[in-house]
Amino acid sequence: MFKFCSLFSGSSGNALIIWNDQTKILIDAGVSGKRIQAALRSINIDPHTLDAIVVTHEHSDHASCVGVMSRRFNLPVFATRGTWRGMAGWIGGVNEANIRHFNSNEAFMIKNIEIRPFSIPHDAADPVGFSFLYDGRKITVATDIGHMNDRLIENITGSDLLMLESNHDMVMLEEGRYPLVLKKRIKSDYGHLCNDIAGQTIAGLAARGARRFLIGHLSAENNYPELAYETVSRCIAGSGLCVGNGIELYVAGRNEASMVFDI
Ligand SMILES: [Zn+2]
Ligand SMILES: [Zn+2]
């Protein structure tokens, strides 16, 4: 078994979990420890059985409770040096032995799960997405992406499950009430991925054989689950395939756990 669940996903906080019979890894901890623990219990995972936290980048919606979770459950925290520099000053003390580093684009192991981090274009110090490999299966998480590039496509290709950002609807963002500077940041090459680009990316991967997709990190202000789902479905249909007919598409909730994917 190789399982994955999105506990929280969106600009207000992120926490995901991936596990098999020997290893449990929390990916990001951007909501309170209390809420993460409750969400874990809701899918029958005892937080005391976690093995590690891996962190994508230092933005507070991903890192705010990394320190709390590490201290509470004595968990090693794996992050790039850039991410550590960005978060060390405000997440509270982390036991020296629990401070672990990895290099973006260099694979490492946590117990029996191989982790392949890859750089993502986003306005943080050294942000990454992750592919997790176990027993010939690959689960990939890629959110907080300003734009797609060939390297990124290469990394997310061949995933048995891909969680991809589908942050905003371009029209809602442009016509919405966000200040201009924030709109510019989100739309920039180092901001967030819109529904259309997520849809085109997924359609391209589906055309090459990928089957299971979870879209996430939706904006509360400039998107809603039905619209993201519709837009991505339409893109998939545009490439001659059909959601439901061999292609699975799900939307990760902002405040509730997704289904448990058994890959
Ligand atoms: Zn984020
Ligand atoms: Zn971010």
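**Ground rules.** Residues count from 1 along each chain as its sequence is written, chains are lettered from A and ligands numbered from 1 in the order in which they are written. Because the model is predicted, local features need pLDDT of at least 70 and side-chain atom pairs pLDDT 80 or more, while totals for chains, interfaces and linings use all residues; side-chain values use heavy atoms, with hydrogens and water left out.

**Entry 1: zinc ion (ligand 1).** I looked up which protein atoms hold this ion, taking donors as N, O and S atoms within 2.8 Å of the metal (3.2 Å for Na, K and Ca); water is not among the atoms, so sites may look incomplete. I found Asp 61 (OD), His 62 (NE2), Asp 144 (OD) and His 217 (NE2), at 2.1 to 2.2 Å. Along the sequence their spacing reads D-H-x81-D-x72-H. Next I checked the geometry. Four donors are tetrahedral if all angles lie between 85 and 135 degrees; four are square planar and six octahedral if opposite donors are over 155 degrees apart and all others between 65 and 115; anything else is irregular. Here the angles run from 93 to 162°, so the arrangement is irregular.

Where do Asp 61 and Asp 144 sit? Asp 61 is in helix α2 (residues 60-63) and Asp 144 in the loop between β10 (137-142) and α5 (150-156), so the pair ties together parts 83 residues apart in sequence. Helices here are DSSP runs of H or I with at least four residues, strands are runs of E with at least two, and both are numbered from the N terminus. Both Asp 61 and Asp 144 are buried, where buried means under 20% relative accessible area, exposed over 50%, and partly exposed in between (1.4 Å probe, protein chains only).

**Entry 2: zinc ion (ligand 2).** I listed the donors of this ion as His 57 (NE2), His 59 (ND1), His 122 (NE2) and Asp 144 (OD), at 2.2 to 2.5 Å. The spacing is H-x1-H-x62-H-x21-D. His 57, in the loop between β4 (52-54) and α2, and His 122, in the loop between β8 (113-119) and β9 (128-134), are 65 residues apart. His 57 counts as buried because its relative accessibility is 0%; His 122, at 3%, is buried as well. What links the two ions? Asp 144 bridges them, and they lie 3.5 Å apart.

**Entry 3: cores.** A nonpolar core is a set of buried Ala, Val, Leu, Ile, Met, Phe, Trp, Tyr and Cys residues joined through side-chain atoms within 4.5 Å. The largest has 29 residues, and Leu 7, Ile 17, Ile 36 and Met 87 touch the most other members. Among the elements that each supply at least two residues are β1 (3-8), β2 (15-19) and α1 (33-42). I then followed Ile 36: beyond four places in sequence, its contacts (heavy atoms within 4.5 Å) include Leu 7, Leu 26, Val 31 and Met 69. A separate core of 26 residues includes Tyr 134 and Phe 261.

**Entry 4: strands.** I traced an open, mixed sheet of seven strands in the order β6-β5-β4-β3-β2-β1-β14, where pairing needs at least two DSSP bridges between strands. Its edges are β6 (99-101) and β14 (261-262). Five bridges join the antiparallel β1 and β2, and Lys 3 has Trp 19 as its bridge partner in β2. Elsewhere I noted four bridges between the parallel strands β12 (residues 212-216) and β13 (residues 248-251), with Arg 212 partnered by Glu 248.
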